[in-house]
Amino acid sequence: MRPGGRTQIEDRLHGFAYGFGTLRALDSDTFAATLKVMVQAVDHLPYEAVSRACLAWTKGQIRWANCRFPPDAPEIARAAEEALGQMRMEEREIRIVLGAKLLPAPPAKPTQEERDKAVADAAAVIAGIVEAGRRLDEDLSAAARRGSDAEHLEHVRRFQAAEAERKARIAQRNSEAQGGSSA
């Protein structure tokens, strides 16, 4: 986006300005002076920005301007600056697209043999999971039985100990009662 050549910009603005009857009606010196001022307002900009501004003005696409009338130098400069801003956005988008990295090609579709192998592998994994679940269930059931048996034995031992203690107290009371009555 280098600044356009002054001659190229002057030629473009000449054709643009000549399209307006009010400017065409000016004498040649006044028209040349008007054109010179317009060229000076935009000669630092790229030719494409000036050309887009002229085209947008001609088509009535500049919202802030009354495009039925020819622009003065500041108006054509503003329109060209806006066109330059649009060109910069377009350039940035193009750079993004050109700098994009391509994704790798999608993998080839699997063959029937590969599908069958995958199905067999999945069935083996599922069977392994089912077997692991069955073994875990057996282990938990056995542990529960062992725990239940151990709890039962502990309960029986406590009961037997309590019963032995009760019998010992009864025996002691009986012996005290017999010892106390013989005295």
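**View 1. Lining of the largest pocket.** Helix 5 supplies the largest share of the lining of the largest pocket, namely 4 residues. The model shown is predicted: local features require pLDDT of at least 70 and side-chain atom pairs count only at pLDDT 80 or more, whereas totals for chains, interfaces and linings use all residues. Residues are numbered from 1 along each chain as its sequence is written, and side-chain values use heavy atoms, with hydrogens and water left out. The lining consists of Arg52, Ala53, Ala56, Gln61, Ile62, Arg63, Trp64, Ala79, Glu82, Ala83 and Gln86. Two or more of these residues come from each of helix 4 (47–59) and helix 5 (73–99). Helices are DSSP runs of H or I with at least four residues, numbered from the N terminus. By type, the lining residues divide into 6 nonpolar, 2 polar and 3 charged; Ala, Val, Leu, Ile, Met, Phe, Trp, Tyr, Cys and Pro count as nonpolar, Asp, Glu, Lys and Arg as charged, and the others, Gly among them, as polar.

**View 2. Space within the largest pocket.** The largest pocket holds about 170 Å³ of space. A pocket is defined on a 1 Å grid over the protein atoms alone, as an open set of points where a 1.4 Å probe fits, with protein on both sides within 12 Å along at least five of seven lines; lining residues have an atom within 4 Å of a point. Grid points are joined across faces, edges and corners, and the volume is the space filled by probe spheres set on the points.

**View 3. The largest nonpolar core.** This core has 30 residues, of which Leu13, Phe16, Val42, Val50, Trp57, Ile62 and Ile76 touch the most other members. At least two core residues come from each of helix 1 (6–18), helix 3 (28–42), helix 4 and helix 5. Helix 5 gives the most, with 8 residues. A nonpolar core is a set of buried Ala, Val, Leu, Ile, Met, Phe, Trp, Tyr and Cys residues joined through side-chain atoms within 4.5 Å. Buried means under 20% relative accessible area, exposed over 50%, and partly exposed in between (1.4 Å probe, protein chains only).

**View 4. Surroundings of Ile76.** Neighbours within four places in sequence are left aside here; beyond them, Ile76 is in contact with Leu13, Phe16, Met38, Val42, Ala53, Cys54 and Pro71. Contact means heavy atoms within 4.5 Å.

View 5. Lys117 and Asp121 form one, at 3.0 Å from N to O. Both residues belong to helix 6 (residues 112–181) and stand 4 residues apart, about one turn of the helix. Lys117 is exposed, at 53% relative accessible area, while Asp121 is partly exposed, at 39%. In the pair Glu138 and Arg134, the closest N and O atoms of the salt bridge are 2.4 Å apart. Glu138 is partly exposed at 42% relative accessibility, and Arg134 is partly exposed at 38%. Glu163 and Arg166 also meet in a salt bridge, at 2.4 Å from N to O; these two residues of helix 6 are 3 residues apart, about one turn of the helix.

**View 6. A salt-bridge network.** Salt bridges link Glu48, Arg52 and Glu90 in a network. Arg52 is also one of the residues lining the largest pocket.

View 7. Arg68 lies in the loop between helix 4 and helix 5 and is exposed, with a relative accessible area of 68%.

Methods
A salt bridge is a side-chain nitrogen of Lys or Arg within 4 Å of a carboxyl oxygen of Asp or Glu.
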